[in-house]
Amino acid sequence: MEKVKVINLSSNPLPEYQTAQAVGLDVRANTSEAITIAPLERVMVPTGLYFQIPDGYEIQVRPRSGLAAKHGITVINTPGTIDPDYRGELKVLLVNLSNEPFALQPGERVAQLVFARYERLAWEETVELEATERGAGGFGSTGLN
């Protein structure tokens, strides 16, 4: 198992899996008081966490389904990517898509983090691509609306 160096300057525990087979680790707001997010407002929520991610991995920042379903709060740039060379604080960019203000409490779980492997590829310029059954069909072309 790969290990990730982490500095935790928050008063919260490190992100953790909530169940034995959970994929995402819940991350918490590092605030001293509640943050009210107005309808359609965006806020950058500090976490107090700094990572040294192993090369070949990224951290994806994803919404928490409970906040989205119950309050319309989601991560606006989902999934957000934390690159392995980034050393700044993880901040979660939340948006309130509901019609009601939402009070985000200190220590509240605001997002989940998923570790994903990636590969870097190189471009090979060409003038022709291999044909497929789908071809150039997009946006509903497979019959799934």
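I count Ala, Val, Leu, Ile, Met, Phe, Trp, Tyr, Cys and Pro as nonpolar, Asp, Glu, Lys and Arg as charged, and the others, Gly among them, as polar. I am working on a predicted model, where local features need pLDDT of at least 70, side-chain atom pairs count only at pLDDT 80 or more, and totals for chains, interfaces and linings use all residues. My residue numbers run from 1 along each chain as its sequence is written, and side-chain values use heavy atoms, with hydrogens and water left out.

**Entry: pockets**

I looked for open space on a 1 Å grid over the protein atoms alone; a pocket is an open set of points with protein on both sides within 12 Å along at least five of seven lines, and a lining residue has an atom within 4 Å of a point. Points are joined across faces, edges and corners, and a volume is the space filled by probe spheres set on them.

The largest pocket holds about 420 Å³. It has 16 lining residues, and Glu2, Val4, Tyr17, Leu25 and Phe115 are the closest to its centre. I sorted this lining by class and got 14 nonpolar, no polar and two charged residues. Strand β11 (residues 109–117) gives the most to the lining, with three residues. Strands here are DSSP runs of E, at least two residues long, numbered from the N terminus.

The second largest pocket holds about 180 Å³. I found 13 residues in its lining, with Asn77, Leu90, Lys91, Val92 and Leu93 nearest the centre. β8 (80–82) and β9 are the elements that give two or more residues to this lining. Its classes are eight nonpolar, three polar and two charged.

**Entry: cavity**

A cavity is a set of grid points where a 1.4 Å probe fits but cannot get out. I counted one cavity of 30 Å³ or more. The largest cavity holds about 40 Å³. Its lining is Ser10, Asn12, Pro13, Pro15, Val27, Arg28, Thr47 and Leu49, which I split into four nonpolar, three polar and one charged.

**Entry: Val43 and β4**

I looked up Val43 in strand β4 (residues 42–46). The covered face of β4 has Val43 and Val45, and the uncovered one has Arg42, Met44 and Pro46. In a regular strand the side chains alternate between the two faces of the sheet.

β4 runs antiparallel to strand β9 (residues 91–96), with five bridges between them; two strands pair if DSSP finds at least two bridges. The bridge partner of Val43 in β9 is Leu94. Leaving aside neighbours within four places in sequence, I list Ile35, Ile37, Val92, Leu93 and Leu94 as contacts of Val43, where contact means heavy atoms within 4.5 Å. I also took the C-alpha distance from Val43 to Gly137, which is 37 Å at 94 residues apart in sequence.

Beyond four places in sequence, Gln60 is in contact with Pro79, Gly80, Gln112, Leu113, Val114 and Ala116.

Gln52 is in strand β5 (residues 49–52) and, at 38% relative accessibility, counts as partly exposed. Beyond four places in sequence, I find Gln52 in contact with Val4, Lys5 and Arg87.

How values were computed:
Helices (H or I, at least four residues) and strands (E, at least two) are DSSP runs, numbered from the N terminus. Buried means under 20% relative accessible area, exposed over 50%, partly exposed in between (1.4 Å probe, protein chains only).
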